[in-house]
Amino acid sequence: MNKIQQKKIVKVNELLLNRFGQPPRNKNLPDPVEMLVATILSQNTNDRNSYQAYKNLKEKYPSWEEMAAAKRASIEKEIRIAGLGLQKSAAIKNFLTELKVKQGVYSLDFIKKVSHDDAIREMTSFKGVGVKTASCVLLFALGENICPVDTHVHRTVNRLGIVNGSAPDKTFWALNDGFPEKIAHSFHTNLIRLGREICTPKNPGCGSCPLEKLCVFEGKDVSNKKELKERAFMLLDSIDS
Ligand code: SF4
């Protein structure tokens with residue numbers, strides 16, 4: 001990433017902080033295994049439903065041993081509210097089983113000692129764990145300065161012209177190649193809010209957007225305004241061990 005891109009990220013972060021404020025953050029970093037399971041549950045659903053699924057699962061299976069030993073269909077039953085039950089239950093069961101085989105314990109602590117790239121490579125070697133999930137573990141459980149790219153971050157950073165990525169994973173690698181220090185959590189979290197409330201996939205509310213002056217999106221429509229909502233509950237800042 002060049003200096004112009006880095007400066008733009010810093011500016012976007014400032015403008016989003018002015019509009020949305022500093023996003024709240026877990027005081028104690030959760031265990032990386034908890035975070036990885038919670039992130040699998042969060043795919044393609046809202047944070048309230050995935051949090052309920054996470055709570056159901058933890059109540060039914062208080063230890064990782066019990067969860068790993070459970071039948072896949074039983075895990076699916078507990079997490080139904082979060083959708084994609086078959087896929088998510090298979091990913092969780094497979095992850096826990098393989099983690100025990102590889103490490104001998106239900107721990108991802110080994111990723112604390114390796115580079116971001118190696119940590120992502122290790123985590124994505126588990127079937128059902130993608131780059132977004134792995135990077136969420138680094139940001140939310142290890143407190144690393146890394147910006148996960150979901151559909152909202154992908155759309156907004158490309159519209160803004162910060163990167164030019166054809167898919168979220170490509171955007172992720174381009175964005176995190178020299179990401180400015182210390183601001184990944186606020187940038188990521190506030191950009192998701194922007195994407196959900198203002199910079200929506202269709203009819204973005206450019207007339208209400210704090211980033212309008214530096215946005216290069218061809219479909220910009222400043223006549224379109226959107227109302228801000230209350231700050232939404234964010235699952236990955238609400239997981240504790
Ligand atoms: S100006 Fe419009 S397209 Fe650009 S970031 Fe804001 S809402 Fe999105």
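**Close-up 1. The buried residues of helix α8.** In α8, the buried residues are K132, T133, A134, S135, C136, V137, L138, F140 and A141. Helices and strands here are DSSP runs numbered from the N terminus (H or I over at least four residues for helices, E over at least two for strands). A residue is called buried if 20 or more other C-beta atoms lie within 10 Å of its own, exposed if there are 12 or fewer, and partly exposed in between, with C-beta atoms placed from the backbone. By that count α8 is mostly covered, with nine of its 11 residues buried. Those buried residues pack against α2, α7 (116-124) and α10 (168-175). Just after α8, look for G143, which takes a positive phi of about 70°.

A word on what you are viewing: this is a predicted model, in which local features need pLDDT of at least 70 and side-chain atom pairs count only at pLDDT 80 or more, while totals for chains, interfaces and linings use all residues. Residues are numbered from 1 along each chain as its sequence is written.

**Close-up 2. Where α2 meets α8.** Helix α8 (residues 131-141) packs with α2 at an angle of about 135°, their axes 9 Å apart. That makes α2 oblique to α8. Axes are lines fitted to C-alpha atoms, for helices over the stretch in contact, and angles run from 0 to 180 degrees between N-to-C directions. Angles under 35 degrees count as roughly parallel, over 145 as roughly antiparallel, 65 to 115 as roughly perpendicular and the rest as oblique. On the α2 side you will find P32, M35, L36, T39 and I40, which meet T133, C136, V137, F140 and A141 of α8. Residues count as in contact if their C-beta atoms, placed from the backbone, lie within 7 Å. This contact divides into eight nonpolar, two polar and no charged residues. Nonpolar means Ala, Val, Leu, Ile, Met, Phe, Trp, Tyr, Cys and Pro, charged means Asp, Glu, Lys and Arg, and the others, Gly among them, are polar.

**Close-up 3. Where α2 meets α6.** The axes of these two helices come within 9 Å and cross at roughly 165°. α2 and α6 are therefore roughly antiparallel to each other. L36, V37, I40 and L41 of α2 make the contact with K88, A91, I92 and F95 of α6. By class, there are seven nonpolar, no polar and one charged residues in this contact of α2 with α6.

**Close-up 4. Where α3 meets α5.** Helix α3 (residues 47-60) and helix α5 (residues 72-79) have axes that come within 8 Å and cross at roughly 135°. These two helices are therefore oblique to each other. A53, N56, L57 and K60 of α3 make the contact with I75, E78 and I79 of α5. Four nonpolar, one polar and two charged residues make up this contact of α3 with α5.

**Close-up 5. Two loop residues with positive phi.** N44, in the loop between α2 (32-42) and α3, has a phi near 55°, a positive value in a residue other than glycine. N44 is exposed, with 11 other C-beta atoms within 10 Å. In the loop between α5 and α6 (85-103) sits L84, whose phi is near 45°. L84 counts as partly exposed, with 17 C-beta neighbours inside 10 Å.

**Close-up 6. The shell around the ligand.** 14 residues surround the ligand, and the closest are C199, P204, C206, C209 and C215. The shell divides into nine nonpolar, two polar and three charged residues.

Note on methods:
Two residues are in contact if their C-beta atoms, placed from the backbone, lie within 7 Å. A residue is near a molecule or strand if its C-beta atom, placed from the backbone, lies within 6 Å of it.
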